[in-house]
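Hi,

Here is the structure I promised to pass on. Have a look at it first, and then read on for what I found.

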Amino acid sequence: MRLTCPICGDRDRREFYYLGAADYLDRPVEGEAEATHRYLHLRDNPAGVTRDLWQHEAGCAAWLVVERNVTTHEILQVSLAKDEIRDAR
Amino acid sequence: MRVDGKGLVHRDQSVSFKFDGQTYKGLAGDTLASALMANGVRLIGRSFKYHRPRGIMSDGPQDPNGLVELHRGDQITPNVRMTQQEIHAGIDARSQNHWGNLTWDVLELNDLMAPFLGAGFYYKTFMWPKAFWEKLYEPIIRRAAGLGSLSMAHNSDDYEKAFAFCDVLVIGSGPAGIMAALTAARSGADVILCEEDFRFGGRLNFESYDIDGQPGAAWAAARVEELSEMENVRLMRRTTVTGAYDGGTYAALERVAQHVSDPKGAPLETFWRIVAKGAVYAAGAMERPIAFRNNDRPGIMMASAIRGYLNRYGVAPGKRITLFGNNDDAFRSALDLQAAGLEVAAYIDSRPDAEIKGDFPIYKGARITGARGRMRVDGVTLRTAQDQEVWLTTDCVGMSGGWNPTVHLTCHMNGRPQWNEQLVAFIPTPGSVPGMEVAGAAGGTFSTKGCLKSGIFRAKTVLDAIGISAKTTPAPEAEDSATKISPLWVVPGKGRAWIDFQNDVTAKDVALAAQENFKSVEHMKRYTTQGMAPDQGKNSNINALAVLADVTGRSIPETGTTTYRPPYTPVSIAAMGAYAQGHGFAPQRLTTSHVASVKAGAPMIEAGLWYRPSYFPKAGEVTWRQSCDREVEMVRNHVGVCDVSTLGKIDIQGPDAGAFLDFVYINTFSTLKVGRVRYGVMLREDGHVMDDGTTARLGEHHFVMTTTTAAAGQVMRHLEFVHQCLCPDMDVRFISTTEQWAQFAVAGPKSRDLLNGLLDAPIDNDSFPFMGCGDVSVGEITARLFRISFSGEHAYEIAVPSRYGAALFDALCTAAKEQGGGPYGMEALNVLRIEKGFITHAEIHGRVTAFDIGMERMISGKKDCIGKTAAQRPGLLGDTREQLVGLKPAGAVKKMNAGAFLFSPNDEPTRTAQQGYSTSVGFSPTRGMLALGFLRNGRARHGETLKLVDHLRDLETLVEVCDPVFLDPEGTRARG
């Protein structure tokens, strides 16, 4: 498997660290116990397109949002997490 | 027997080699298989289950019988394919799978037992008496099972792993592969051409076709010569592409030095990962056998292999050869043999309407029903179209049930091949591997002209897709005959007809599986073990499923194939794991004091990837405890020096650095004054402790964070996550400087005296109070000094750029000696911190909260931080939690262990009665055995007596629960 880091280019997956669903970008505000529980523990598990967080740990250290299809293994898009957040705001 | 004037071997270069202890002579360019055949050796191995005598069947990597062990000194490489292995003077090959010698194999008895040993035999037998399994059956089966053996010695051979990148990867160098490589190379693409054989040309080297009026092999050699002169082409022979993976990644195994007597330092094999923008898969096709009675006898081969050995190696596999096929291609073997002046005993074609002619006996609409001979075939019985039985004397039989395109790699990413009625074969489904196009026979194009054209066309498709404009390359002239075939899988009749030669599966076994309701092809495979030998069913899969389709009344496409998985041919684990044994298993990180520590006799222990000194033995000290006790007392009474460079150091800068630290730590850092250090705890978002350590403020916008050795990488990743993913607008940057700074703890009542003997300007309690920090000068080098303590003593940590580390350690140790001190290791460091109740990752092991370690009050109420909300969840607070406690012996206790469990003294020590556990144990020279641990509601239970039990290490002892801080709870020593 290979990912194209927006900063470094096309790299082997061994350079990347996988965290989990991009849901981790939407951190609830302090004190929202129920929302925090959902944020931490509840995930969809689609057979299809997922959005996940990866880090180019052995490269530029950028956190990435990787959109891929888990049934075909197709990588649809790789973008910088910080850009995703700024776009969302 | 060699045939004059034939073959691509070097007639003037004789090579001697050893097989089963006997020395033979072959020619340069021979494989073990061809050289032994030239020497008249037919019997080369024994079959897996019945131990039947076996000979070479084919001329490629799929041969089911030609597997040998190669011995080199005390090294053995098992299951080496004789059909690929080149001979050389140093080769010592030995046949496999026999008890006794190859000719007199004791286990041939199994063949007589065949009526009882059919499919499912193991599942049905050896069930009783039950006690016999472990003592009798299993040892015997294990002794008899398996092909080849290992030396059991350490593998001292060299292997290598490598990466390669290209525009176009061409897999296979037959007519299709060569034209694909030429087209891509002439268009300027960066090309890698992989060929599993040691000679480029693929099938052309085994055939007698002409291309552009030249013999095919010569044409191929000329084209490869042209490719070798191009700078944008890498030619990789002896390289099998074994798997196709995501993102245009292909695995390949190169046999680098298995073919030479002296590798001259070269690795035996190299495991490649090739990343290609596009690929042309031109892996060709493999001929399949026909199942008839005793079709496994030595001398019975693939029809194409018979002409293959003649054309490639100039060897005649027999003197009176019979051919049996269901397609026109089989007839080519008869023509090649005749042209070479060899005797064709008969050509037998199952098709009544076959359009063939020749001046040797031809039987149309006929079938071979059985073979005679044990150690080698000496005759066959055939049933003619007129239903007459005819006996033929023959010493070699070629069979051809048609050709299977080598679809393997096209299925490695979940692709399924499609059945083609006309070709009577499975062909790849287009697009099965993104970026890979299939050319030539692998795609079902069998004529030479078709292959040449297909190679050009597929290369163009790939070039288009990767944005390289293809230059037109004309297709050379070659034969272009149509594929004519009529299905024939099994000749009905009595006796055993082999489907899977390597695992001894017969047509009857497949039928039996269906009869016992293992009707799915995947079930049949597992029940009969068909296709599960090292050849992975290359010879047998399609035949087996055709038989299964027939007995279950389904069509072949309805029955379907089993799953083709990588690797295409076996890959030695040693190649995939190259370097990863002994010291190569993991990187080694060494501190700047490493050399001095080793020189001082300190045993080094692993801490993650780091190596740290365990203790520094002095003359007269026999046990580690003696050294450890002395070092602890040295720090408590004088001064000790310890390398703490392995702790993670993260340099954090920016106007928002303080706010950022407030967000990752539970306590506040934005209020920390410049020149001060603060202890901090950080949580994971789920409320559990991630790490702890000190962070110093060097400037208004400049902090240095220390992490534990174990969590340095995790914390760095976490900080990047928090910054980039949660607060990207914070103006802060950080970088790991762990390896840039050498840092040493100087601990003990005389630590300041020691430092003042070394520093260019002395320090005092005002310039460096407890938890103070700042720059100092040592030997005119600017160093960072932190007054922090992990021992509870008056202590400092001094950091210099790593290049000065060794010199500073030396100077510190010398100065320490003058103060009655010296270096101390991990054992003493551990005792010192246990005495103080300081935690490490033995305590914050991932399942404890700030509440559990008594630090919940550190969580600031004035700000949010990572893990703050989750830390308040029910279940993570309160008296049901296991809380940090100290444990000390109650009475005479000889031993305490970390990882032992706590029970009430009257409870049975069983899992459900468990109330806590110990995490760290140390022996304090002044206080005896001490431990830290976690106990349910532990903070309220100081003074209770409990039972500490470790079932694995045979420990059961009484302990008293106490405060985790055993020494100086007020902290006056550190402030002194």
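Let's start with an annotation: UniProt, in an unreviewed entry, puts the feature "domain: SoxA A3" at residues 494–578 of chain B. Keep in mind that what you are looking at is a predicted model. Over residues 494–578 of chain B, 44% of the chain is helix and 6% is strand.

Stepping back to chain B as a whole, you'll find 23 helices and 50 strands. Its C-alpha atoms fill a box of roughly 110 × 70 × 55 Å along the principal axes. Of the 976 residues in chain B, 52% are buried. If you take the contacts in chain B with a separation of 6 or more, 66% of them join residues 24 or more positions apart.

Next, a sheet to find on your screen. Five strands of chain B form an open sheet in the order E36-E37-E38-E35-E39, with antiparallel pairing. Which strands are at its edges? They are E36 (677–683) and E39 (733–736) of chain B, and each of them pairs on one side only. From one strand to the next, the twist averages 25°. E36(B) and E37(B), the latter covering residues 689–699, are antiparallel partners over 7 bridges. Within that pair, B:Val681 sits opposite B:Asp692 of E37(B).

Two helices lie across this sheet. Helix H18(B) lies across E35, E37, E38 and E39 of chain B, at about 20° to E35(B).

H18(B) also turns up where chain B touches chain A. That contact takes 19 residues from chain B and 23 residues from chain A. On the chain B side, the elements giving two or more residues are helix H18 (712–726) and helix H22 (868–871). H18(B) gives the most, with 6 residues. Sorted by class, the chain B side has 7 nonpolar, 4 polar and 8 charged residues.

Strand E34 (residues 640–643) of chain B pairs with E44(B) in the parallel sense over 2 bridges. In that pairing, B:Val641 has B:Pro823 of E44(B) as its bridge partner.

One last stop is a hairpin. Strands E5 (residues 67–72) and E6 (residues 75–81) of chain B pair in the antiparallel sense over 5 bridges. B:His71 has B:Ile76 in E6(B) as its bridge partner. The hairpin of E5(B) and E6(B) has 2 residues between the strands, and B:Gly73 takes a positive phi near 60° in it.

Technical notes: Residues numbered from 1 in each chain as written. Chains lettered and ligands numbered in written order. Predicted model: local features only at pLDDT ≥ 70, side-chain atom pairs only at ≥ 80, totals over all residues. UniProt positions renumbered as here; feature names shortened; annotations may be inferred. Helix = DSSP H or I, 4+ residues; strand = E, 2+ residues; numbered from the N terminus. Contact = placed C-beta atoms within 7 Å. Nonpolar A, V, L, I, M, F, W, Y, C, P; charged D, E, K, R; others polar. Pairing = 2+ DSSP bridges. Axes fitted to C-alpha atoms, helices over the stretch in contact; angles between N-to-C directions. Buried ≥ 20, exposed ≤ 12 C-beta atoms within 10 Å, placed from the backbone.
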